[in-house]
Amino acid sequence: MTARTFGNRVGRIEDPPLLTGKGRFIDDIAWPDLAHAAFVRSPHGHACILGIDARVALALPGVFGVFTAEDFAPRLKIDRLIVGLPSSAYRQEVNRPVLAKDEVVHVGEPVAVVVAVNRYVAEDAAALVNVEYDILPAVADARAALAKNSPNVHRNAPHNLLAEFDIAYGDVTAAFANAPHVFRESLWQHRGGGHSIECRGCVARYDVNEERLTAWCSTQTPHTAMQLLSGMLGLDESQLRVITPDVGGGFGPKLIFYPEEVAVPLAAMLLGRPVKWIEDRREHFVASTQERDQFWDIEIAVDRDARILGVRGQLIHEHGAYTARGVNLPYESAQTVTLPYEVPAYALNVKLALTNKVPVTPVRGAGQPQGCFAMERLLDRVARELSLDRAEVRRRNLIQPEKMPYAKPLRSRGGMAVLLDSGDYPRCQQMVLDAIGWADFRTRQSTARARGRYIGVGLANFVKGTGRGPFEPVTVRIGPSGKIQIYSGATAMGQSTRTMLAQIVADQFGGAMDNIVVTAGDTAGTAMGIGGFNSRQAVMAGSSAHLAAVKLREKTIAIASKLLNAPVDQLDVDAGAVFVRAKPKTAIALGDIARAVAGVPGLALPGGIAPGLEASEAFVCDEMAYANGAGAAEVEVDPDTGAVSVLKFVIAHDCGRAINPMIVDGQIVGGVAHGIGNALFEWMGFDAECQPITATFADYLLIGSSETPDIGVLHLESPSPLNPLGVKGVGECGVMPAAPAIMSAIEDALSPFGVRIARTPILPPEILAAIHAAAGLEKTLAPTL
Amino acid sequence: MSEKRNIAVTINGKRYEESVEVRWTLADFMRQQLGLTGTHLGCEHGVCGACTILLDGRSARSCLMLAVQADGHEIMTVEGIAPSADKLHPLQEAFRDNHGLQCGFCTPGMLTTLIEFLRDNPDPTEQEVRIAISGNLCRCTGYQGIVAAALDAAQRLKVLKEAP
Amino acid sequence: MKPPPFSYHDPRTVSDAVGLLSSLENAKVLAGGQSLMPMLNFRYVLPDHLIDLNKIPELSFLREVDGGIELGSMTRQRDIEFSDLVKARFPIINEAILNVGHRQTRNRGTIGGSLCHLDPSAELVTMAAAHDAVVTVAGPNGTRDIPFAEFPVAFMTPALEPNELLVKVRFQRWAAGHGYGFVEFARRHGDFAIASAAALIEVDAAGKIGRASLTLGGVNVKPVRMYEVERKLIGQAPSEDLFRELCEECRKVDAIDDVHAPASYRQHLAAVMSRRALVAAMGRVGRA
């Protein structure tokens, strides 16, 4: 059967309500008796709680309740959020409470929750809750946290080392001992918050008639939320339902399960009324997880021809005050470093340090961009030191396509072998070099310099693990209505999940998408699910949807064959019916087929067919599908101000097979924009007391339309052998090459000054300082950091 | 002290007479009191633009206005852009066809901003479009689809104007 | 992020507004709302009373007066942006105002609100300083004029008594054919200026500068008129070399230190922006 929607730019089923203001986001949910919550949060980076006095707050008209850890304790079977993904690397456990009891360890940590008639009054009351604190020393820097005399992030913890592990293969000692050239870099890499335009939120309602607590959460992982709530509240699966409404962006922080998502349901149950909490932007800065600092000390050994002999180093990763996800972030950073290249020996020691700030968990890219950045900076260094073209150094080391599948002597977090399944890495590099005009750039550059303009180009390659397993279930079902219903644990946050699933299923049913209804991210729709992150859903849910749809199509035709009395191979499916190909008027509607196997009391099902018209699949794949690509940037630097403009960005990307090219392009462009923001604008700053100092959108800079260049997207398709669709994940890939390509381009633009960049982001004052320092000017400007 | 005022405001052609608390923002009044949840709140401090509506035809951030200030005025929100329940405005069609939205949360503000912009600038350049939406943040699209949609919409509107 | 409770007042005349300001404690005036509303939403300010000026028609006007223009304090920035009179007589104001926030900001924001808020990087504040504007303030005893140099008293603090209201501002025009340049450095389009410079020059028939105004915005808590540089420009033929040399003076201005830039960076930008503004002004001399 030929695909009719797969591979096509079909319109999104998400669009009609979103375009007309009929979306149903978390804050759009309401009932007449809905109450509103506001959290009282720690204003300190680290302190003991001596006492909480809520009497004045409770007396305010319109307040229904004020709850503290003490109030919740009797209702919690488990009083901590135990969410850390398993690892042997942990040296200690620091799990979040629902509400802080006698110690707060980051600004923004929730201490009490107020519930009132509306958010205005709830905020009035929250300001009246009197919390007495005894301030303790706060630890702001991940490196300082690991020093012997550092104060403790948690007063009763033994030290601030959360976890430590090594990733290594080959003989680095020998590689470095005998190397003709060894180059070392110290890198500071910083990424910031997720900052979806919609913040987080939770609505909880206990229905006495259903005897069930329903929680709507603006989350990427509803089934995980359900499991955790079940354990913590002591409710079984029949007493609990988690639903994701429309989600206004996720980008990682919404994949985490949060204290507020326990506090709100508890408040709803204690008060006997539905409760809503919407995170405001100020809260997002201090209460939603984010990425922050990584400190890399890394060196590369190469032979006289610039071929890599080995890479080794140390990484100190800032973890924040609690474990809200695990060690995965720096694990992926460490894993990603060598992926596109032949690296015979590798060793990275990784330490995760606690600090008194909100926990660090993945933001789009999830640690992999940092690994890519480290490697690309090292290769630029090699090129400069050996006076070789940066593209040539890479060409000499990229894994060649004929070597696919290429086994890296690495193990994933779950112990799976890292096998680069497919791809043509050198071709992607060449595609972007051609698109950016690499070959004759020097001419353009000298012409520009003669006119006082400093332009430069940069390049970066990337390989990204996508399609994180083990599975994502999909059920496809046809009911008497004739509609094709898809249910999945996959969760939508703007990446067109529902359209993706509908396209894949539609292909088995004549290509019509208007006959399809998709329910994603509802625990009542599917018993199991894992959720949206790690660019996994097209791979995992898509594959399950495909297999289920193929099975369902077979069954549908088999039943129709009996009902129409026609052989299976003469039948086809189209526009909601099965028909005889040669005589299309001989048909039976899907709804009628469903009715035929719905069962009539006392009557046998036609031709011994099994009951019902549905198929469920949970395609299992433990190995990751490795997407790859390359990015190239052209920038202009104003040497008088240090301002950087990205004039052009091109990215070549291999997603295996594109389900919907329009959606793939949108994901890539969005990812690149995010990466540009990380390179040049986004810095989440804290002072020495761990107070956030960039906590509004005036100080924390998200990239706008005027700062975003046109982004050219080129495609290659190397289908992955790992799943039936041949797809690889797309959502995070755009982020990967942005920062390294831009830094490379800035150095190129400023090569007359000999500027070297060992950080991301870089801001104009630092660039100016680098120019002046390199030019040996008296007036050096102190860098911001 | 929840001081209230009676206000009369026309939103998307419909007149509302309501009693509203004086400190409530226009955004909260529309969303919570009138059930017009199409307008979204992304930052509540005047940067993200998700709350943008048209006040007497001019774009304004509804998180930075008090509901009482809307008394006697006319407002258009995203819910009022489509000409009818089963027909989309050319700008909305252009967004759909150019993948100008992903999660859809910033979209209401983008649409109202562009309705004003295209009305006042029917033949814009790409650069002018980028400046026009520089007060609206999007985290999903990288703006490319939105810019393409705006330029496409300008063409569609021109064709409609020139239609006999 | 919801506003705290307050009592709301919407006077219809200036005298009613002044009356309220005289009788109410802890009152704040609401103009365009683009600065005050974020502060209310963050609860950085907790006024007991809000006096909304948006229903006082007599505060909203833009008219030519002898030698210049007068703007009522509630004149929307948008109306200034699209005013042909301003474009013709005060092209630098038109150039500067395009940097004030975004379309939505300017549709609601007012000149009076900006002048009284006195954000260090506010373009209209810089414009008022550059032109030696005169603001008129109304109190219970009548009106008084304040030269703009005396208006900013301290960081975001105007020379207004609690019972006084800014009612209008007057700008005197520069001679036809004057050179003008407004240059700003901001991180993103529409962002607060990290540093800006406004340059106005008149060049006589002999090609010498006869009059000059050079103002730095965003560098210090108040706009800084570079009087020494202006003095040294008089009688000189404009040239980029001259400007580069004289603008070194701008590095000595006391500068703000914040998350966006250290003081030394602002001082450096002061020299760069002022030079660029003067160069732009030089290029526009004679284009009446």
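Guide: Domain bounds here come from an automatic or database domain assignment. On that basis chain C is divided into domain 1 (1–51 + 60–173) and domain 2 (179–284). This is a predicted model, where local features need pLDDT of at least 70, side-chain atom pairs count only at pLDDT 80 or more, and totals for chains, interfaces and linings use all residues. Residues are numbered from 1 along each chain as its sequence is written, while chains are lettered from A and ligands numbered from 1 in the order in which they are written.

Visitor: What pLDDT does chain C average?

Guide: Chain C averages 97, and 100% of the residues score at least 70; pLDDT is the predictor's confidence in each residue, from 0 to 100. The model scores ipTM 0.98 and pTM 0.97.

Visitor: How do you know which residues of domain 1 of chain C touch domain 2 of chain C?

Guide: By contact: two residues qualify if their C-beta atoms, placed from the backbone, lie within 7 Å. That picks out 18 residues of domain 1 of chain C and 19 residues of domain 2 of chain C. On the domain 1 side, α8(C) gives the most, with six residues. Helices (H or I, at least four residues) and strands (E, at least two) are DSSP runs, numbered from the N terminus. The domain centres, taken over C-alpha atoms, are 25 Å apart.

Visitor: Why is C:V100 called buried?

Guide: A residue is buried if 20 or more other C-beta atoms lie within 10 Å of its own, exposed if 12 or fewer, and partly exposed in between, with C-beta atoms placed from the backbone. C:V100 has 21 C-beta neighbours inside 10 Å, so C:V100 counts as buried. It sits in the loop between α5 (91–97) and α6 (103–108) of chain C. Leaving aside neighbours within four places in sequence, its contacts include C:Q77, C:E123 and C:L124.

Visitor: What makes helix α10 of chain A largely enclosed?

Guide: Nine of the nine residues of α10(A), residues 328–336, are buried, so the rest of the structure largely encloses this helix. Its buried residues pack against several elements of chain A, among them β9 (161–169), β15 (293–302) and α11 (368–385).

Visitor: Which residues touch the most other members of the largest nonpolar core?

Guide: A nonpolar core is a set of buried Ala, Val, Leu, Ile, Met, Phe, Trp, Tyr and Cys residues joined through C-beta atoms within 7 Å. In the largest one, with 408 residues, the answer is A:V114, A:V505 and A:I742. Helix α16 (residues 537–564) of chain A gives the largest share of this core, twelve residues. As for A:V505, its contacts beyond four places in sequence include A:V476, A:A545 and A:A549.

Visitor: How many residues meet between the chains, starting with chain A and chain B?

Guide: There, 42 residues from chain A meet 42 residues from chain B. On the chain A side, α18(A) supplies the largest share, six residues.

Visitor: And how many are nonpolar on the side of chain C that touches chain A?

Guide: Ala, Val, Leu, Ile, Met, Phe, Trp, Tyr, Cys and Pro count as nonpolar, Asp, Glu, Lys and Arg as charged, and the others, Gly among them, as polar. That contact takes 18 residues from chain C and 24 residues from chain A. The chain C side divides into twelve nonpolar, three polar and three charged residues.
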